[in-house]
Amino acid sequence: MPTKPKSPYLPFGDQQTAPWYGKNILSVRQFTRADLEYIFSVAHEMRVMVERIGTFDLLKGKILANLFYEPSTRTFASFMAAMQRLGGAVIPISEVRYSSVAKGESLPDTVRTLACYADVIVIRHPEVGSAALAAQYAGKPVINAGDGVGEHPTQALLDVFTIREELGRLDNLTVTMLGDLKYGRTVHSLARLLTRFDNIKLHYVSPEVLRMPRDVIDEVAEKGLPQEEHLTLDEVLPETDVLYVTRVQRERFDNLEEYEKVKDAYVITPKTLEKAKEKMIIMHPLPRVNEISMEVDKDPRAAYFRQMEYGLYVRMALLAMVLGKA
Ligand code: NCD
């Protein structure tokens, strides 16, 4: 019997026995610290491979359905690029207006359809719980790329990977989240995910009407993390290691007058950063509107563009994992 050829690329195991084979990625709640270490080590290998050879055939023959019911630049493009860099193909559906959704097709039916043609489905949708609903019907791995104001687990994974690559550690950190903590799904996932590490302190800075939701605060409190809420950044900036800035989520407001009142509540400028640590990083899931001035971009602490790139490697790792190649 000929022995199975070894992968020339990465020491990946057999499909069926790979621990993440066929799994959904719906919430950060599903990851243990050991899982995170594993994902980050695969992501790191992906980075090395992309830098060394660009594109390789780990997922050759596999197809991703990228199904987006909400606008996206980074998440959509990085999942596409991730699949293509791994040698796979993509069915991109970013304009559901031009799909049968516009004819009134339900999410379960659309997902069942795509599952006939693809091996994995990435979905972004305005309703909380939509990715979990899709997973019930897909019969193929479903990855949540943002379910309304719920979660954005792959963003939180890339955010934590960014912190690890930039600061060299994931314990002993003060993380300050700023902006729209009510509607920003990225901070809901990130706060939950940070509970996996030791000696993390969380500061939430937001206008009164955009405070971090109670259920997230309670979940984080259960794990014993210290959390404090503030109206201004000044008092917590000097002790901050990671400043995580978010956009005020205009599309989630019922009343646009309310949005106008808070949209420019915080603007980070070079002056703001005078009181910050030398070795701090500024992150943002992007897109930014006005909350970080462009003059900040040249500050070496501005990590938000590097953060986007880390997203590619993390999403490559996740696709390889759920398709049994990592
Ligand atoms: C975020 C999102 O969609 O939740 N964007 C992203 O995926 N990078 C943040 C946002 O839209 O403000």
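**Entry 1: helix 1 on helix 5**

At what angle do helix 1 and helix 5 pack, and how many Å apart are their axes? Before answering, I noted that this is a predicted model. I found an angle of about 75 degrees between helix 1 (residues 33-53) and helix 5, with the axes 11 Å apart. That makes helix 1 roughly perpendicular to helix 5, because angles of 65 to 115 degrees count that way.

I then listed who meets whom. Helix 1 brings L36, I39, F40, A43, H44 and R47, and helix 5 answers with L157, V160, F161, R164 and E165. Sorted by class, this contact holds seven nonpolar, one polar and three charged residues.

**Entry 2: helix 5 on helix 6**

I stayed with helix 5 and turned to its contact with helix 6 (residues 185-194). Their axes come within 8 Å and cross at roughly 55 degrees. That makes helix 5 oblique to helix 6. I noted the crossing as right-handed.

On the helix 5 side I see P153, Q155, A156, L157, D159 and V160; on the helix 6 side, T186, S189, L190, L193 and L194. The classes here are seven nonpolar, three polar and one charged.

What is the strand order in the open sheet of five strands? I read it as 7-6-5-8-9, with parallel pairing. Strand 7 (227-230) and strand 9 (281-283) are at the edges, and each has a single partner strand, so one side of each has no neighbour in the sheet. On average, neighbouring strands are turned by 20 degrees against each other, with direction ignored.

I looked at one pair in detail. Strand 8 (residues 242-245) runs parallel to strand 9, and three bridges join them. Y244 has M283 in strand 9 as its bridge partner.

Helix 5 turns up here too. Helix 5 (residues 153-167) lies across strand 5 (173-178), strand 8 and strand 9, and runs at about 165 degrees to strand 9.

Strand 1 (residues 63-68) and strand 2 run parallel and are joined by five bridges. In this pair, I63 stands opposite A89 of strand 2.

**Entry 3: helix 3 on helix 4**

Which residues of helix 3 meet helix 4? I found L107, P108, V111, R112 and A115 in helix 3, facing S130, L133, A134, Y137 and A138 in helix 4. Eight of these contact residues are nonpolar, one is polar and one is charged.

For the geometry, helix 3 (residues 107-117) and helix 4 (residues 130-138) pack at about 50 degrees, with axes 8 Å apart. That makes helix 3 oblique to helix 4. Helix 3 passes helix 4 in a right-handed crossing.

**Entry 4: the two domains**

Where are the domain boundaries? The division gives domain 1 as 15-152 + 309-322 and domain 2 as 153-307. Their C-alpha centres lie 25 Å apart. Across the boundary, 35 residues of domain 1 contact 32 residues of domain 2.

I finished with the backbone. Most residues other than glycine have a negative phi, and most peptide bonds are trans. N172 has a positive phi of about 55 degrees although it is not a glycine. I located N172 in the loop between helix 5 and strand 5.

The other entry on my list is the peptide bond from L286 to P287, which is cis, with omega near 10 degrees. P287 belongs to the loop between strand 9 and helix 9 (304-322).

Key: Residues are numbered from 1 along each chain as its sequence is written. This is a predicted model: local features need pLDDT of at least 70, side-chain atom pairs count only at pLDDT 80 or more; totals for chains, interfaces and linings use all residues. Side-chain values use heavy atoms; hydrogens and water are left out. Two strands pair if DSSP finds at least two bridges between them. Helices (H or I, at least four residues) and strands (E, at least two) are DSSP runs, numbered from the N terminus. Axes are lines fitted to C-alpha atoms, for helices over the stretch in contact, and angles run from 0 to 180 degrees between N-to-C directions. Contact means heavy atoms within 4.5 Å. Angles under 35 degrees count as roughly parallel, over 145 as roughly antiparallel, 65 to 115 as roughly perpendicular and the rest as oblique. A crossing is left-handed if the near helix is turned anticlockwise from the far one by less than a right angle, and right-handed if clockwise. Ala, Val, Leu, Ile, Met, Phe, Trp, Tyr, Cys and Pro count as nonpolar, Asp, Glu, Lys and Arg as charged, and the others, Gly among them, as polar. Domain bounds come from an automatic or database domain assignment.
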